[in-house]
Amino acid sequence: MDRINTIGRRKTAISRIYMSAGSGAITVNGKDYKQYFPTEVLQIILNQPFSTVNGVGGYDVKVNVRGGGVAGQAEATRMAIARALVEMNADFRPALKKEGFLTRDSRMVERKKYGRRKARRRFQFSKR
(Lines give C-alpha, C1' and ligand atoms only; values in the text may rest on other atoms or scores of the structure.)
Protein backbone atom coordinates (compact mmCIF):
# COMPACT_ATOMS: atom_id res chain seq x y z
CA MET A 1 0.00 0.00 0.00
CA ASP A 2 1.31 3.45 -0.89
CA ARG A 3 1.67 6.48 1.34
CA ILE A 4 -1.34 8.59 2.22
CA ASN A 5 -0.92 12.33 2.73
CA THR A 6 -3.38 14.29 4.91
CA ILE A 7 -3.48 17.56 6.84
CA GLY A 8 -4.87 18.49 10.26
CA ARG A 9 -5.33 21.87 11.91
CA ARG A 10 -5.91 23.15 15.46
CA LYS A 11 -5.58 26.78 16.62
CA THR A 12 -2.56 28.01 14.63
CA ALA A 13 -0.89 24.58 14.30
CA ILE A 14 -0.81 22.83 10.93
CA SER A 15 0.20 19.18 10.72
CA ARG A 16 0.98 17.37 7.44
CA ILE A 17 1.41 13.61 7.71
CA TYR A 18 2.53 10.80 5.43
CA MET A 19 1.14 7.44 6.57
CA SER A 20 1.81 3.96 5.26
CA ALA A 21 1.39 0.42 6.55
CA GLY A 22 4.39 -0.56 8.66
CA SER A 23 5.80 -1.28 12.10
CA GLY A 24 4.34 1.63 14.08
CA ALA A 25 7.20 4.17 13.88
CA ILE A 26 5.99 7.76 14.35
CA THR A 27 8.47 10.57 13.60
CA VAL A 28 7.59 14.21 14.19
CA ASN A 29 9.82 16.83 12.52
CA GLY A 30 12.63 14.26 12.25
CA LYS A 31 12.44 13.13 15.91
CA ASP A 32 10.69 10.20 17.56
CA TYR A 33 7.23 11.29 18.74
CA LYS A 34 8.08 10.41 22.38
CA GLN A 35 10.99 12.82 22.20
CA TYR A 36 9.04 15.60 20.43
CA PHE A 37 5.95 15.25 22.68
CA PRO A 38 7.59 14.45 26.05
CA THR A 39 4.47 14.31 28.25
CA GLU A 40 2.36 11.17 28.38
CA VAL A 41 -0.87 13.14 27.80
CA LEU A 42 0.35 14.43 24.43
CA GLN A 43 1.51 10.93 23.44
CA ILE A 44 -1.93 9.54 24.31
CA ILE A 45 -3.59 12.28 22.21
CA LEU A 46 -1.41 11.27 19.26
CA ASN A 47 -2.29 7.56 19.58
CA GLN A 48 -6.06 8.00 20.18
CA PRO A 49 -7.13 7.38 16.54
CA PHE A 50 -5.07 4.15 16.42
CA SER A 51 -6.47 2.85 19.71
CA THR A 52 -10.02 3.69 18.57
CA VAL A 53 -9.70 1.46 15.50
CA ASN A 54 -7.38 -1.13 17.14
CA GLY A 55 -4.55 -0.25 14.75
CA VAL A 56 -1.75 0.50 17.23
CA GLY A 57 1.63 -0.36 15.71
CA GLY A 58 0.25 -1.09 12.28
CA TYR A 59 1.21 2.12 10.52
CA ASP A 60 4.34 4.21 10.00
CA VAL A 61 3.69 7.94 10.27
CA LYS A 62 5.97 10.80 9.23
CA VAL A 63 4.74 14.15 10.57
CA ASN A 64 5.67 17.71 9.60
CA VAL A 65 4.09 20.12 12.06
CA ARG A 66 4.52 23.85 12.53
CA GLY A 67 2.85 26.75 14.32
CA GLY A 68 1.07 26.90 17.64
CA GLY A 69 2.11 25.17 20.85
CA VAL A 70 2.69 21.52 21.67
CA ALA A 71 -0.94 20.80 22.62
CA GLY A 72 -2.28 22.36 19.42
CA GLN A 73 0.32 20.49 17.40
CA ALA A 74 -0.62 17.18 19.03
CA GLU A 75 -4.33 17.70 18.34
CA ALA A 76 -3.66 18.80 14.75
CA THR A 77 -1.62 15.62 14.24
CA ARG A 78 -4.42 13.54 15.79
CA MET A 79 -6.86 14.96 13.25
CA ALA A 80 -4.50 14.28 10.34
CA ILE A 81 -3.96 10.67 11.48
CA ALA A 82 -7.73 10.13 11.80
CA ARG A 83 -8.26 11.48 8.27
CA ALA A 84 -5.53 9.18 6.92
CA LEU A 85 -7.09 6.15 8.63
CA VAL A 86 -10.45 6.95 7.01
CA GLU A 87 -8.71 7.23 3.60
CA MET A 88 -7.13 3.81 4.14
CA ASN A 89 -10.33 2.13 5.35
CA ALA A 90 -13.76 3.80 5.12
CA ASP A 91 -15.11 1.41 7.78
CA PHE A 92 -13.17 3.38 10.44
CA ARG A 93 -15.15 6.58 9.76
CA PRO A 94 -18.15 6.05 12.14
CA ALA A 95 -15.93 5.22 15.14
CA LEU A 96 -13.55 8.13 14.52
CA LYS A 97 -16.41 10.54 13.82
CA LYS A 98 -18.13 9.51 17.07
CA GLU A 99 -14.96 10.35 19.03
CA GLY A 100 -14.79 13.74 17.28
CA PHE A 101 -11.37 13.21 15.69
CA LEU A 102 -12.57 14.21 12.21
CA THR A 103 -14.11 17.52 13.30
CA ARG A 104 -11.96 20.66 13.01
CA ASP A 105 -11.87 22.45 16.38
CA SER A 106 -12.32 26.01 15.10
CA ARG A 107 -11.73 27.79 18.43
CA MET A 108 -9.06 30.45 18.00
CA VAL A 109 -7.58 33.09 20.27
CA GLU A 110 -9.75 36.20 20.26
CA ARG A 111 -7.95 39.27 18.97
CA LYS A 112 -6.92 42.11 21.27
CA LYS A 113 -9.14 45.20 21.01
CA TYR A 114 -7.90 48.78 21.25
CA GLY A 115 -8.59 50.51 24.58
CA ARG A 116 -8.35 47.15 26.35
CA ARG A 117 -5.47 45.30 28.01
CA LYS A 118 -6.35 42.00 26.33
CA ALA A 119 -9.30 40.83 24.22
CA ARG A 120 -11.87 41.59 26.93
CA ARG A 121 -9.83 42.58 30.00
CA ARG A 122 -10.06 46.29 30.76
CA PHE A 123 -7.35 48.44 32.25
CA GLN A 124 -7.61 48.86 36.02
CA PHE A 125 -10.08 51.57 37.01
CA SER A 126 -8.76 54.26 39.31
CA LYS A 127 -11.32 56.44 41.08
CA ARG A 128 -8.70 58.92 42.33
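These legends go with a few close-up views of the predicted model. Because the model is predicted, local features need pLDDT of at least 70 and side-chain atom pairs count only at pLDDT 80 or more, while totals for chains, interfaces and linings use all residues. Residues are numbered from 1 along each chain as its sequence is written, and side-chain values use heavy atoms, with hydrogens and water left out.

View 1. Five strands line up as S1-S2-S5-S3-S4, with mixed pairing. (Strands are DSSP runs of E, at least two residues; helices are runs of H or I, at least four; both are numbered from the N terminus. Two strands pair if DSSP finds at least two bridges between them.) S1 (4-10) and S4 (31-32) sit at the edges with a single partner strand each, so one side of each has no neighbour in the sheet.

**View 2. Where S3 meets S4.** S3 (residues 26-28) runs antiparallel to S4, joined over two bridges. Thr-27 has Asp-32 in S4 as its bridge partner.

**View 3. H2 across the strands.** H2 (residues 40-52) lies across S2 (13-21), S3 and S5 (59-66), at about 145° to S3. (Axes are lines fitted to C-alpha atoms, for helices over the stretch in contact, and angles run from 0 to 180 degrees between N-to-C directions; contact means heavy atoms within 4.5 Å.) H3 (residues 70-88) packs on the sheet too, touching S1, S2 and S5.

**View 4. A kink in H2.** H2 bends by about 40° at Leu-46, shortly before Pro-49. (The bend is the angle between axes fitted to the seven residues ending there and the seven starting there.) Just after H2, Asn-54 has a positive phi of about 55°.
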